[in-house]
Amino acid sequence: MSEALTKALPLLYALEQRGYETVFVGGCVRDTLLGKPLKDVDIATAASPEQVIATFPHTVPTGLQHGTVTVVHEKETYEITTFRTESAYEQYRRPTQVQFVTSLNEDLLRRDFTINSMAMRYDETIIDPFHGQDDLRSGLLRCVGDADARLQEDALRIVRAVRFAAAYELRIAHMTWRAIIRHRGLLAHIAMERVGLELDKMIAGSRPYRAASLLASSGMLAYTKDRLPAAILEAAAGYKKSSKRDTSSGATVSPEAQSERMTLVAQSMRRLHRLEDNEDRWAAVCAALSMQIVQASELFALLRYSSSRTARLAAILGVHGAMAPRLHQNMNIAPGHPDGEGEIVQAESELQDHWRLTVLKYGMSAAESWLGIVVAIPELVYGAAAANQRLASIEDEWNRLRQTLHSMAVRSIRELAVKGKDLLSLTGKPSGPWLGQLLQSLVEAAALGRVPNEKGPLLDEAAAVLNKDEN
Ligand code: ATP
Ligand code: MG
């Protein structure tokens, strides 16, 4: 038994001792059988929520109407859920009320896929009434029981099927796949928030590439409640069989251009796992789909992701939008080019200045994220084919950008050696929009290395700027 499960064993013992059958269940059993690290340890019990609360000193009633109590044990939290059935599904969604039962088998019967419907007792025996272990061995994702009925009960399972098939490299069983196609229209009844959670886990997972191709071949995204942006749907449609219509502009694009774009999307999805941070992954996806900041923010709003996540995504895409065309262009002035060496040196110094100003505008952290993205997926900047050709010079370019980033004297107004109040006392003027503008021009001057980031020289510069403005 893994350390994570062993650590939770006292919880099972405590409830078992009071006479309530209690087991590990769902994802932690599946991942234990696969020898994978566990994300969380879920526990199911015959005890009622009140009995669970009475058994442990530290509990939080997280989802009492679903029978879930969170128990804090040795600084970890565990969700303990009373065995339950979900007989009355409303509107193709999971019900808000459930019936508690005392039979483990009934509880396993309500779960979505066979690989998620296994339980493990404290003595490591596995309870597997629907042969989830066989399906894991043969690489199959299969609904528990009748696939049509199960997906109709809760249409979110249609999206979950893709997530699990992708993450665990499973084929989707024939009847389950047929039911997915037949009932994908029911996704219109599912809250976008829940779809968003599943999509986020797909992007965060180990095989987002496979998830994207299953989303594409099932066509399911087009049926979600809120219309997803055209770029996403178009990519999903074109991913397998490239279509000739650019639906976002209404224009017809050449099959070659379309297929190059799809190659770029596919290549980027394949390299996504190289990025750790999920916002970096999303930014790469949006960049591959040529989404503008507005479209990407709209997507995040539809998926109900937080505004801080959206701000971060927007900043990374801002850096990308500012830098990618310049880098691409710069690559074309290569040594031996008729424009000559002087041209290269000048282009390079302009590029570094442009980079400094971009870092100021979008912030250090977005700039670092973007550099990481370009290293992981050079195609996003240099195109589907270019990356292999000039890898060495591309690497030099990144290194120069990275060095610049780390050697910049200031990266934000906060780091500036003069503050607003210094400028107020310098001028004796009341505060106003001029102050922000002046700080901005000072921070740019310091970032570009024109003025050292020291109080004296910055105040001189401020005086010079104000003087110029007055004339
Ligand atoms: P992960 O490791 O990604 O969290 P998981 O299997 O734990 O995977 P959860 O979404 O956390 O997935 O759900 C826990 C368990 O609850 C599942 O294993 C499954 O048995 C059950 N479950 C979750 N959502 C549904 C659903 N929509 N329909 C039926 N059963 C579900
Ligand atoms: Mg889980």
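Which residues surround ligand 1, and which of them are the closest? In this predicted model, the shell around ligand 1 consists of 14 residues, and the closest are G26, G27, R111, D112 and N116. Sorted by class, the shell has nine charged residues, four polar residues and one nonpolar residue. Helix α7, residues 156-167, makes the biggest contribution to the shell, with three residues.

The chain has 22 helices and 11 strands. Of its 471 residues, 38% are buried. Among contacts with a separation of 6 or more, 64% are between residues 24 or more positions apart.

The sheet comes next. Seven strands form an open sheet with mixed pairing, in the order β3-β4-β5-β2-β1-β8-β9. Its edges are β3 (59-63) and β9 (126-127), each of which pairs on one side only. As a general point, strands of a sheet pair through backbone hydrogen bonds, in either a parallel or an antiparallel arrangement.

Strand β3 runs antiparallel to β4 (residues 68-73), and three bridges join the two. Within this pair, T59 has V71 of β4 as its bridge partner, while G63 is partnered by T68. The hairpin of β3 and β4 has four residues between the strands, and G67 takes a positive phi there, near 85 degrees.

Strand β4 also pairs with β5, again in the antiparallel sense, over six bridges. Here H73 stands opposite E76 of β5. The hairpin of β4 and β5 has two residues between the strands, and E74 has a positive phi near 45 degrees. Further along the sheet, β5 (residues 76-82) and β2 (residues 42-45) run parallel, joined by four bridges. I43 stands opposite I80 of β5.

Helix α2, which spans residues 27-34, packs onto this part of the fold. Its residues C28, V29, R30 and T32 are buried. The buried residues of α2 pack against four elements: helix α1 (3-17) and strands β1 (22-25), β2 and β8 (119-120). After α2 comes G35, with a positive phi near 70 degrees.

The surroundings of A284 can be described in some detail. With neighbours within four places in sequence left aside, A284 is in contact with S268, L272, L275, I373, I377 and L380.

In general, most residues other than glycine have a negative phi. E169, however, has a positive phi near 50 degrees. This residue is in the loop between α7 and β11 (171-172). Is E169 buried or exposed? E169 is exposed, because 11 other C-beta atoms lie within 10 Å, and the cut-off for an exposed residue is 12 or fewer.

S290 is the other example, with a positive phi near 55 degrees. S290 is found in the loop between α13 (278-288) and α14 (293-302). S290 counts as partly exposed because it has 13 C-beta neighbours inside 10 Å.

Towards the end of the chain, an unreviewed UniProt entry annotates residues 396-461 as "domain: CCA-adding enzyme C-terminal". This span is 64% helix and 0% strand, and its end C-alpha atoms lie 34 Å apart. R400 is in helix α19, which covers residues 391-407. R400 is partly exposed, because 14 other C-beta atoms lie within 10 Å of its own. R400 and G139 are 261 residues apart along the chain, and their C-alpha atoms are separated by 46 Å.

Notes
Residues are numbered from 1 along each chain as its sequence is written. Chains are lettered from A and ligands numbered from 1 in the order in which they are written. This is a predicted model: local features need pLDDT of at least 70, side-chain atom pairs count only at pLDDT 80 or more; totals for chains, interfaces and linings use all residues. A residue is near a molecule or strand if its C-beta atom, placed from the backbone, lies within 6 Å of it. Ala, Val, Leu, Ile, Met, Phe, Trp, Tyr, Cys and Pro count as nonpolar, Asp, Glu, Lys and Arg as charged, and the others, Gly among them, as polar. UniProt positions are given in the numbering used here, feature names are shortened, and annotations may be inferred rather than shown by experiment. A residue is buried if 20 or more other C-beta atoms lie within 10 Å of its own, exposed if 12 or fewer, and partly exposed in between; C-beta atoms are placed from the backbone. Two strands pair if DSSP finds at least two bridges between them. Two residues are in contact if their C-beta atoms, placed from the backbone, lie within 7 Å.
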